[in-house]
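Hello,

Here is the structure I promised to hand over. Please open it beside this message, and my notes follow below.

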Amino acid sequence: MKYLDEFNDPQLARRLLDEIRATATRPWALMEVCGGQTHSIIRHGIDQLLPDEVELIHGPGCPVCVTPLECIDKALEIAARPDVIFCSFGDMLRVPGTDRDLFRVKGAGGDVRVVYSPLDALQLARRHPDKQVVFFAIGFETTAPANAMAVHQAKRLGLANFTLLVSHVRVPPAIEAIMTAPACRVQGFLAAGHVCSVMGMAEYPELAARHRVPIVVTGFEPLDILEGIRRTVGQLERGEHRVENAYARAVRADGNPAAIRMIEEVFEVTDRAWRGIGRIPGSGWRLSEAYRAFDAEHRFDVTGIRTEEPAECRAGEVLQGLIKPTDCAAFGTSCTPRTPLGATMVSSEGACAAYYLYRRMSEPALPREEMNPVG
């Protein structure tokens, strides 16, 4: 298949669903790691088309959602300073901090700008030598190479007015944390294809073997997801726990070696706090010693900011797959995209945002026989 519409073919979807139904003989709980996969699943009703034996659990694969509250508050503190141009992707502007968000900082006079690449922020630093330009560097492994390249270029150009506020997280330690949690029900994983397109699959076989769970690298279109589910259920039924690549058109076993080299030059592994989840050992990156001068946390002395999550928001439980968004009493009432309590309601990859956007206000939404696969 070469074209996008081929991955939305209803006839092929029905065939995959029939194979899954024929294969599943007992209950299985699978977790899709990526928030982009979650949105595709909810948009197309894939979870409601699956046989009753197969349950999909939404995982913590939304980088905006897992950015800790204290990091948001650090961003707000820096962005409000008069000598700063604070740059971010647009999906961070409405993520609530303790008492405001970046939109409110901008409305109060802060120079907050939406950019489409960290290199855009780098160009701003070159054009405005009298300003401190800060880029909000969040994300999983997917966005790390571009952020690393921006810092690499800043050092090469001698730009003393460019820094990153870093909140990078890594998927394999998150899988480890999920599998070792006391309430874990996950029996197989749909791994994020775009992460593996950068990092490859080298870290996954050991996880699959130790926890005896299949891990299938999966894409984002409906047929990608159904194929990932088919392979995962097949392994579970056969008692296998291997790593499979169901996204071979984008993922190689060794990933992107040039991108990995750039990441390893600029960043080093560190413990990282995940919003609503807590600190996961070795689950993040920070700037290495050679690039520490470009760390906004230290330049602006905001390392001491500490915060507490609002008790009413259950986003942490959503991110851990313990509840669905509709299990939260605030969902769709006191928590909406206009009045969000947590990032999962405003991020373009958040599970709560997916449920609200596609009007999944309760479970179940439609009888299976009334639904049209991917149509």
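Five strands, in the order 2-1-7-8-9, make up an open sheet with parallel pairing. Bear in mind that this is a predicted model. Strand 2 (54-58) and strand 9 (243-245) are the edge strands, and each of them pairs on one side only. On average, neighbouring strands of this sheet are turned by 25 degrees against each other, direction ignored. As a reminder, strands of a sheet pair through backbone hydrogen bonds, either parallel or antiparallel.

Now the pairings, one by one. Strand 1 (residues 28-32) pairs with strand 7 (residues 188-192) in the parallel sense, over 3 bridges. To find this pairing on screen, look for L30, whose bridge partner in strand 7 is G188. Strand 7 is also joined to strand 8 by 4 bridges, and these two run parallel. Here A191 has V217 of strand 8 as its bridge partner. Strand 8 then pairs with strand 9 in the parallel sense over 3 bridges. V217 turns up again there: its bridge partner in strand 9 is N245.

Strand 8 (residues 215-218) deserves a look of its own. Is it covered on both faces or open on one? Both faces are covered. I215 and V217 are buried on one side, and V216 and T218 are buried on the other.

**Two helix pairs**

Start with helix 7 (residues 118-127) and helix 8 (residues 144-157). They pack at an angle of about 20 degrees, and their axes are 8 Å apart. Angles under 35 degrees count as roughly parallel, so helix 7 and helix 8 are roughly parallel to each other. Their crossing is right-handed. Helix 7 contributes P118, L119, L122 and R126 to the contact, while helix 8 contributes A146, N147, A150, Q153, A154 and L157. By class, the residues of this contact are 7 nonpolar, 2 polar and 1 charged.

Next, helix 9 (residues 171-180) and helix 11 (residues 204-211). The packing angle is about 5 degrees, with the axes 10 Å apart. Helix 9 and helix 11 are therefore roughly parallel to each other too. From helix 9, V171, P172, I175, E176, M179 and T180 take part; they meet Y204, L207, R210 and H211 of helix 11. The contact of helix 9 with helix 11 has 6 nonpolar, 2 polar and 2 charged residues.

Best wishes

Conventions: Residues numbered from 1 in each chain as written. Predicted model: local features only at pLDDT ≥ 70, side-chain atom pairs only at ≥ 80, totals over all residues. Heavy atoms only, no water. Axes fitted to C-alpha atoms, helices over the stretch in contact; angles between N-to-C directions. Parallel < 35°, antiparallel > 145°, perpendicular 65-115°, else oblique. Contact = heavy atoms within 4.5 Å. Nonpolar A, V, L, I, M, F, W, Y, C, P; charged D, E, K, R; others polar. Left-handed = near helix turned anticlockwise from the far one by under 90°. Pairing = 2+ DSSP bridges. Buried < 20%, exposed > 50% of the residue type's maximum accessible area, 1.4 Å probe, protein only.
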